[in-house]
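This briefing goes with the structure shown below. It is arranged by topic for reading alongside the coordinates.

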Amino acid sequence: MNIDCLPFKETGYFSTLIIDYIEEKKQISNFYNRFPSLDNFKAQIAEKEANFPKQNRAVLAKALLRQYKNTQTYDLTGDNIESLKDDKTFTIVTGHQLNLFTGPLYFLYKIISTINLTNELKQRYPEYNFVPVYWMATEDHDFDEINYFNFGGKKIQWNKRVSGAVGKVSLDGLDEVFAIYESQLGGGKNAEVLKTLFKNAYLNHENLTDATRYLANVLFGEFGLVIVDGDSPELKKQLVTYIKKDVFENTAFAKVSETIGSLKEASSSYNVQVNPREINYFYLADGVRERIVEKEGRYVVNDTGIEFSEEELKKDIENNPENYSPNVIARPLYQEVILPNLCYIGGGGEIAYWLELKSTFEAMNVTFPMLLVRNSAVVLTEKQVDKLNKMNLSVKDLFLNQHSFINKKIREISNIEIDFTEQKQLLLEHFSALYAIAEQTDGSFLGAVKAQEVKQLKGLENLEKRLLKAQRIKLKDHVIRMVDIQNELFPNKSLQERNQNFSELYLEYGSNLIPNLMERLKPLTKDFLVVKM
């Protein structure tokens with residue numbers, strides 16, 4: 001398997017903010033702690049080591065053992081959970097929604113980046129232990145974002161009415177989803193593995209949390225991945241102080257709002273990823289995950305009859321912290337409070353909202369982690385590589401929008417010169433002489449020369465476009481093949497990793513898929529990867 005790379009900024013799929021962060025532009029430096037490099041982890045380890053309470057480790061290990069009690073734990077994962085009690089053990093974390101059957105490919109890339117970074121750190125700092133962690137977003141309530149995956153160009157969807165946290169959703173109706181998936185998979189050894197994996201995950205568990213834990217554990221448990229569910233009373237007890245600061249002092253709201261203003265000052269091209277609320281916690285109960293809003297001194301749970309006075313709410317937070325669910329602004333803090341974490345690995349959108357949070361962490365006296373943009377990749381099969389070679393197409397060309405891609409290649413392969421730049425230059429030289437004459441006579445003649453110049457340049461441009469269109473028709477078969485390969489690798493004109501499910505690649509590569517990706521995805525690279533398998 002070969003690998004090439006492309007700078008992120010040349011792909012056209014990443015924001016200015018993320019490009020500037022990856023390139024360590026000066027105007028971004030105030031919004032993160034340390035940029036992720038092997039050397040910089042030394043100081044990050046020292047800071048977290050000094051600031052992470054010993055008692056939090058024991059609580060974490062105990063909670064994880066409870067969460068894994070019905071899961072067949074791989075030896076390395078078991079060792080990693082036990083090692084979390086040790087002051088010399090730290091985590092590298094990624095997080096993801098409970099997407100049906102992992103959702104898009106980048107679920108794999110996130111976790112592989114996380115595992116690979118722990119391995120690199122162990123080589124550089126052998127006196128420490130590093131544990132890869134996948135944080136399941138069990139408390140999210142956006143079911144419509146996770147209830148499907150794409151396979152073979154089709155959307156396989158789980159239609160169900162859901163309210164409250166998705167992790168508690170029962171798995172009724174997934175037998176029908178499986179029947180659809182099975183009918184499209186076809187036969188063969190790899191297809192049978194996928195069928196068994198889906199059935200064991202979704203037809204043999206009670207809820208989406210358990211199904212997702214099973215699935216991630218089967219795929220990555222042998223590499224020591226530890227899966228964390230934040231929906232835990234014992235873990236949330238450690239969050240009580242921070243919940244109160246958010247609810248009653250609006251700390252996060254003030255600090256994030258200030259940071260957003262600073263980001264806008266740094267560059268007008270930086271788009272705000274997430275806006276804070278005065279209160280960044282939901283009230284969580286059976287079938288309910290609703291915002292808490294302060295109204296005239298009372299604290300009301302939206303769309304319910306539940307409300308508290310300030311004193312009642314303080315007591316409830318202390319006695320029932322499991323009923324309080326952090327939103328996208330507060331969840332990162334929760335993660336860093338309960339984990340001895342050094343680095344968060346996420347996609348561009350995630351890192352963009354993490355860059356809004358540093359001042360909040362400082363106000364809460366919690367160490368801000370390093371932020372790493374996960375590996376991004378497009379995977380090409382041997383057959384697809386052959387197609388590209390036969391058509392003399394570079395992968396870089398495929399990142400162009402389709403119109404530009406076609407025009408660029410038609411100009412390259414046409415036996416007729418389509419570029420009229422030379423003719424335009426000759427025309428400009430001709431009119432330069434006419435301008436010299438016009439300057440010696442009436443001003444109205446100068447206007448006439450200018451109008452004629454504009455008209456003739458426009459005429460050349462129109463002729464160039466018509467010639468290009470004619471060549472596109474003449475080379476129709478070649479255009480169709482080019483478009484087909486681009487559509488294969490960029491389904492729905494989007495990145496492969498944001499659209500395609502891992503099972504399409506698993507059908508081709510089977511059990512070699514994940515080890516091969518682990519071999520090639522390098523977490524600290526600053527480039528978009530092109531993996532040729």
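The model is predicted: local features need pLDDT of at least 70, side-chain atom pairs count only at pLDDT 80 or more, and totals for chains, interfaces and linings use all residues. Residues are numbered from 1 along each chain as its sequence is written, and side-chain values use heavy atoms, with hydrogens and water left out.

**Overall**

- The secondary structure of the protein chain comes to 23 helices and 15 strands; helices (H or I, at least four residues) and strands (E, at least two) are DSSP runs, numbered from the N terminus.
- The C-alpha trace spans about 90 × 60 × 50 Å along its principal axes.
- Of the 533 residues of the protein chain, 52% count as buried; buried means under 20% relative accessible area, exposed over 50%, and partly exposed in between, with a 1.4 Å probe and protein chains only.
- Among contacts (heavy atoms within 4.5 Å) between residues at least 6 apart in sequence, 76% join residues at least 24 apart.

**Nonpolar cores**

- A nonpolar core is a set of buried Ala, Val, Leu, Ile, Met, Phe, Trp, Tyr and Cys residues joined through side-chain atoms within 4.5 Å.
- The largest nonpolar core has 141 residues, and those with the most contacts inside it are Phe101, Leu108, Tyr202, Phe220 and Phe502.
- Apart from this core lies another, of 15 residues, among them Leu38, Leu117, Ile345 and Leu372.
- Not counting residues up to four places away in sequence, Phe502 touches Phe101, Thr102, Gly103, Leu105, Leu108, Leu194, Leu197, Leu219 and Leu513.
- In soluble globular proteins, nonpolar side chains tend to be buried together.

**The parallel sheet**

- Five strands form an open sheet in the order E6-E3-E2-E12-E13, with parallel pairing; two strands pair if DSSP finds at least two bridges between them.
- Strand E6 (226-229) and strand E13 (370-373) are the edge strands, each pairing on one side only.
- Neighbouring strands of this sheet are turned by 30° against each other on average, direction ignored.
- Strand E3 (residues 129-136) is joined to E6 by four bridges, and methionine 136 has aspartate 229 in E6 as its bridge partner.
- E2 and E3 run parallel and are joined by eight bridges; glycine 95 stands opposite tryptophan 135 in E3.
- Seven of the eight residues of E3 are buried, so this strand is largely enclosed by the rest of the structure.
- Helix H4 (residues 75-83) lies across strand E2 (89-96), E3 and E6, running at about 100° to E3. Axes are lines fitted to C-alpha atoms, for helices over the stretch in contact, and angles run from 0 to 180 degrees between N-to-C directions.

**Helix packing around H7**

- Helix H6 (residues 174-185) and helix H7 (residues 189-202) pack at an angle of about 175°, with their axes 11 Å apart. This makes H6 roughly antiparallel to H7; angles under 35 degrees count as roughly parallel, over 145 as roughly antiparallel, 65 to 115 as roughly perpendicular and the rest as oblique.
- The contact is made by Leu174, Val177, Phe178, Tyr181, Glu182 and Leu185 of H6 and Ala191, Leu194, Lys195, Phe198, Lys199 and Tyr202 of H7.
- By class, the contact of H6 with H7 has nine nonpolar, no polar and three charged residues. Ala, Val, Leu, Ile, Met, Phe, Trp, Tyr, Cys and Pro count as nonpolar, Asp, Glu, Lys and Arg as charged, and the others, Gly among them, as polar.
- H7 also packs with helix H22 (residues 502-509), at an angle of about 140° and with axes 8 Å apart, which makes H7 oblique to H22.
- On the H7 side this contact involves Asn190, Ala191, Val193, Leu194 and Leu197, and on the H22 side Phe502, Ser503, Tyr506, Leu507, Glu508 and Tyr509.
- The contact of H7 with H22 has eight nonpolar, two polar and one charged residues.

**Loop residues**

- Threonine 102 lies in the loop between E2 and helix H5 (106-124). Threonine 102 is buried, with a relative accessible area of 2%, and its phi is near 80°, a positive value in a residue other than glycine.
- Threonine 381 sits in the loop between strand E14 (377-380) and helix H16 (382-390) and is buried, with a relative accessible area of 10%. Leaving aside neighbours within four places in sequence, threonine 381 is in contact with Glu508, Tyr509 and Met533.
- Asparagine 392, in the loop between H16 and helix H17 (395-398), is exposed, with a relative accessible area of 62%. Phi of asparagine 392 is near 55°, a positive value in a residue other than glycine.
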